[in-house]
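Colleague: I have a structure open and I am new to this. Can you walk me through how to read it?

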Amino acid sequence: MKKFKYIIYSLLGVLGLASCDLTGNINDIKPEYVLDESTLIRDGKSAELALRGVYQQWRDKGLTLILPNMCFLSGSITGGGIEETPFINNDVRPETNNIAAYYVSLYRIVNYANTVMEQLEAGKAVGLDSLRRVEMMGECKFHRAMANFFLLRAYGQFYDETSLYGIVLVKKHMQETKAVPRSSVADVYKLINEDLDDAIEMAPEYVQNHYSVSRVTAKALKAKVLLYQKEYKKAADLASEILEEAGEFSYVMEINYADIYKNGCFSSEVLFAPYTFGLIERLTLNVNGISPGVYLRKVADDFVAGKGDMLTGEGFDSRYVATFIKTSGPNNNGKYPNNDYVDNTISNTCFYLRLGEVYLIHAEAAIRGYQDYAGARTSLKAITDRAGYDENYVNTISDGDLLETVRKHKLIELVEENYEDWFDLVRYYKEGDLNITDVKPTVTSDTKLILPIPQTALAGNNLLEQNPL
């Protein structure tokens, strides 16, 4: 573990140089010496570079290569992948490499954020402006919260706050091998919310580039977490607040759906996505050859009258066509249309949070929390209007059908982005709103609702208990 510690410090200094355009090209920078605990942060410049290293980790292969597999869980897409069969069959095993890489990547973000926060708190950044120090702390709090949230919903029983099957919480940077038990789901949510509350108070109020974290970003993640916690009134209120103020901080819905993906991390709609640009700053993706699943195709077809012709787009939701239309880029994928192998051009990114999702969070939470069908329709209308639906469309949906319709529009809106299609299936199933086997017949028991703890993690921590298999 000590070797891992020094690898972390080295990467924080070196990878931090590559994470955004304010620092230049990593190939042009030669580190003067290997960083260790005492030299990671010395001044304002090295503090910024260390923080860039935290951002950098959201581009790690462990996070990007698992993307299609998480969508295979719901059956929303089909196609090739790395170790795709266990995900397609909802039979992921502890020895599956992809889940181990995902697990490690998320804990690396937690550890990097902890390290930077501790050194900032210790006053290691000599000469750093006090306001900027607070902002950086807020950004780190956000990163730790989002990584813990992603860990919880993948490996813990996130849908049950009484469950003991949470995740291992790491509140300080790891220095030595130490066996640590899992925390309860309630305790994990408690830390996530504490971090997000701090981030809402401390992170930058305004950011020029949307791949950087702001207070609005932290509010959006908080609204999403509250939705998962079934705190529907709080989620609706916070989402409504975000939608009212977003424009003041330059977060604006793209007029054309496809432009979100063409513009990548520079999209006006992005709340958080990794910075990507050119050859050096690209992601490693595994989205070539992906096709819509049978269920998704049916939903997209049912929403629009017509024969369902992919060549013309007739009979399909326009977002569905934009997603699965074949492009000229190497990924041959509508949501990842940019050519990552052309330098000095926008590259594809992962959309971890964007404004369109906040509208859908509000629509669901307004119904569940307040039975506010009018408010839910207003938020859903922002999504369906852009997708080309008739302006009176949302008024034709009955109150009884509105919640499920919101889920289906969210499925089409966010498919191939941040795995919400799978987690929404789990949440709606646990709320008694649908029979999950009607959508994905291979989900034959509740033990298949979360991923197993990777075998490698169990081997290194004898207090870590496996999920029910």
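Modeller: Start with one residue and its contacts. This is a predicted model. Leaving aside neighbours within four places in sequence, S347 is in contact with T276, F277, G278, R282, N338 and D340.

Colleague: Where does S347 sit in the chain?

Modeller: S347 is in the loop between α13 (318-324) and β4 (353-354).

Colleague: Is S347 buried or exposed?

Modeller: Look at relative accessibility. Under 20% counts as buried. S347 has 0%, so it is buried.

Colleague: Which backbone atom lies 3.0 Å from a polar atom of the S347 side chain?

Modeller: The backbone nitrogen of G278. G278 is also among the contacts of S347.

Colleague: N338 was in that list too. Where is N338 placed?

Modeller: N338 is also in the loop between α13 and β4. Its relative accessible area is 13%, so N338 is buried. A polar atom of its side chain lies 3.2 Å from the backbone oxygen of Y261. Beyond four places in sequence, N338 is in contact with Y261, K262, P330, N331, I346, S347 and N348.

Colleague: Now helices. How do I describe two that pack together?

Modeller: Two packed helices are described by the angle between their axes and the distance between the axes.

Colleague: What are the angle and the axis distance for α8 and α9?

Modeller: Helix α8 (residues 185-202) and helix α9 (residues 215-228) pack at about 155 degrees. Their axes are 8 Å apart. An angle over 145 degrees counts as roughly antiparallel. α8 and α9 are therefore roughly antiparallel to each other. Their crossing is left-handed.

Colleague: Which residues of α8 and α9 meet?

Modeller: From α8, they are Y189, I192, N193, L196, D197, A199, I200, E201 and M202. From α9, they are R215, A218, K219, L221, K222, V225, L226 and Y228. By class, this contact has eleven nonpolar, one polar and five charged residues.

Colleague: And how many residues of α17 are buried?

Modeller: Nine of the eleven residues in α17 (residues 420-430) are buried, so read this helix as mostly covered. The buried ones are E420, D421, W422, F423, D424, L425, V426, R427 and Y428.

Colleague: What do the buried residues of α17 pack against?

Modeller: They pack against α4 (67-74), α7 (130-155), α9, α14 (355-370), α16 (399-414) and α18 (436-439).

Colleague: What comes just after α17?

Modeller: Check the backbone there. G432 takes a positive phi of about 80 degrees.

Key: Residues numbered from 1 in each chain as written. Predicted model: local features only at pLDDT ≥ 70, side-chain atom pairs only at ≥ 80, totals over all residues. Heavy atoms only, no water. Axes fitted to C-alpha atoms, helices over the stretch in contact; angles between N-to-C directions. Helix = DSSP H or I, 4+ residues; strand = E, 2+ residues; numbered from the N terminus. Parallel < 35°, antiparallel > 145°, perpendicular 65-115°, else oblique. Left-handed = near helix turned anticlockwise from the far one by under 90°. Contact = heavy atoms within 4.5 Å. Nonpolar A, V, L, I, M, F, W, Y, C, P; charged D, E, K, R; others polar. Buried < 20%, exposed > 50% of the residue type's maximum accessible area, 1.4 Å probe, protein only. Polar contact = N/O pair within 3.5 Å; in protein donor to acceptor, adjacent residues only side chain to side chain.
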